Amino acid sequence: MYSLSHGLQKQRILTQGFKWNIDYSFVWAETGELVPGVQFIASEVLNADLTQNNAVNLSYVSNAYTFTKQKTEQPLGSLLIHQDANIPLKQASVGIGMSGNGTFAVQAQPNLDLTFTPHPKYYISFGTFTEGEVLDIAQMTKFAELKFDPGVYSITAILNADNTWTVKSTNQANEEFVAARANNPTAQRLL
């Protein structure tokens, strides 16, 4: 879990928290063509695991998409999606999720096997985004990687006035705030 906190102005503070867990899932949505700006709102979320139930078929039956035949396949450590021959072109997207939300998706296509091998890395950015919006990460600037050292489960990210990020453990951010407050009892938290 990490907390994103940033001050928009010296007097105005915006705080946003994010919580998740690494519970993987298979997801699909009827998106039309998958391009940046499209909303991916999962129509089906099926729990998955890297060591069991790591494979599934995406089928198109009676004009409806559905996941079928979930099973365990090699290679363990990856999530596999097999798409049936009758998957229509440019109508749906399929991928994997974490915490019940889509994370990575591709355009659904007939007879295509997909392999996702997750190695989570977390980044933070600012902008005008909607949850589930397809992002073109190659076009994103002003982002920072959120690295969780061993034993660190909460991070504070501060968007500075120059649009750069300061990232530290929440414990460290709290210690710095307490020290600043000791020197100046009226100090305001800019987190």
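These legends describe close-up views of a predicted model.

Residues are numbered from 1 along each chain as its sequence is written, and side-chain values use heavy atoms, leaving out hydrogens and water. Because the model is predicted, local features need pLDDT of at least 70 and side-chain atom pairs count only at pLDDT 80 or more, while totals for chains, interfaces and linings use all residues.

**View 1. Confidence along the chain.**
The mean pLDDT of the chain is 84. This score is the predictor's confidence in each residue, from 0 to 100. A pLDDT of 70 or more is reached by 87% of the residues. Among the elements of the chain, strand S7 (residues 79–83) has the highest mean pLDDT, 98. Strand S1 (residues 2–7) has the lowest, 26. Strands here are DSSP runs (E, at least two residues), numbered from the N terminus; helices are runs of H or I with at least four residues. Over residues 1–12 the pLDDT is below 50. That stretch still has 46 contacts in the model beyond near neighbours in sequence; contact means heavy atoms within 4.5 Å. Where pLDDT is low, the predicted coordinates should not be read in detail.

**View 2. An antiparallel sheet of four strands.**
The open sheet runs in the order S4-S3-S8-S9, and its pairing is antiparallel. Two strands pair if DSSP finds at least two bridges between them. Strand S4 (44–47) and strand S9 (101–107) stand at the edges. Each has a single partner strand, so one side of each is left without a neighbour in the sheet. On average, neighbouring strands of this sheet are turned by 25° against each other, direction ignored. The axes behind this angle are lines fitted to C-alpha atoms (for helices, over the stretch in contact), and angles run from 0 to 180 degrees between N-to-C directions. Strand S8 (residues 93–98) pairs with S9 over six bridges, in the antiparallel sense. Look for Met98: its bridge partner in S9 is Asn101.

**View 3. Strand S3, inside that sheet.**
How many of the six residues of strand S3 (residues 24–29) are buried? Six of the six are, so S3 is largely enclosed by the rest of the structure. Buried means under 20% relative accessible area, exposed means over 50%, and partly exposed lies in between (1.4 Å probe, protein chains only). In a regular strand the side chains alternate between the two faces of the sheet. Tyr24, Phe26 and Trp28 point one way from S3. Ser25, Val27 and Ala29 point the other way. S3 pairs with S8 over six antiparallel bridges, and Trp28 stands opposite Val94 in S8. S3 also pairs with S4, over four antiparallel bridges. There, Phe26 stands opposite Leu46 in S4.

**View 4. A mixed sheet of four strands.**
This open sheet has the order S6-S5-S7-S10, with mixed pairing. S6 and strand S10 (113–116) are the edge strands. Each has a single partner strand, so one side of each lacks a neighbour in the sheet. Neighbouring strands of this sheet are turned by 25° against each other on average, direction ignored. Strand S5 (residues 55–61) and S7 run parallel and are joined by four bridges. Leu58 has Gln83 in S7 as its bridge partner.

**View 5. Ser78, in a loop.**
Ser78 lies in the loop between strand S6 (64–71) and S7. Is Ser78 buried or exposed? Ser78 is buried, with a relative accessible area of 5%. Not counting residues up to four places away in sequence, Ser78 touches Leu50, Asn54, Thr115, Phe116 and Thr117.

**View 6. Salt bridges.**
The count comes to two salt bridges. The rule asks for a side-chain nitrogen of Lys or Arg within 4 Å of a carboxyl oxygen of Asp or Glu. Lys71 forms one with Glu73, with the closest N and O atoms 3.5 Å apart. Lys71 is partly exposed, at 37% relative accessibility. Lys168 and Glu176 meet in a salt bridge at 2.6 Å, N to O. Lys168 is in strand S14 (residues 165–169) and is buried, at 16%. Glu176 is partly exposed, at 38%. Leaving out residues up to four places away in sequence, Lys168 touches Ile155, Thr156, Ala173 and Glu176.

**View 7. Ile124 and Trp165.**
Ile124 is in strand S11 (residues 122–125). Ile124 counts as buried, at 4% relative accessibility. Ile124 and Trp165 are 41 residues apart in sequence. In space they are 8.8 Å apart, C-alpha to C-alpha.
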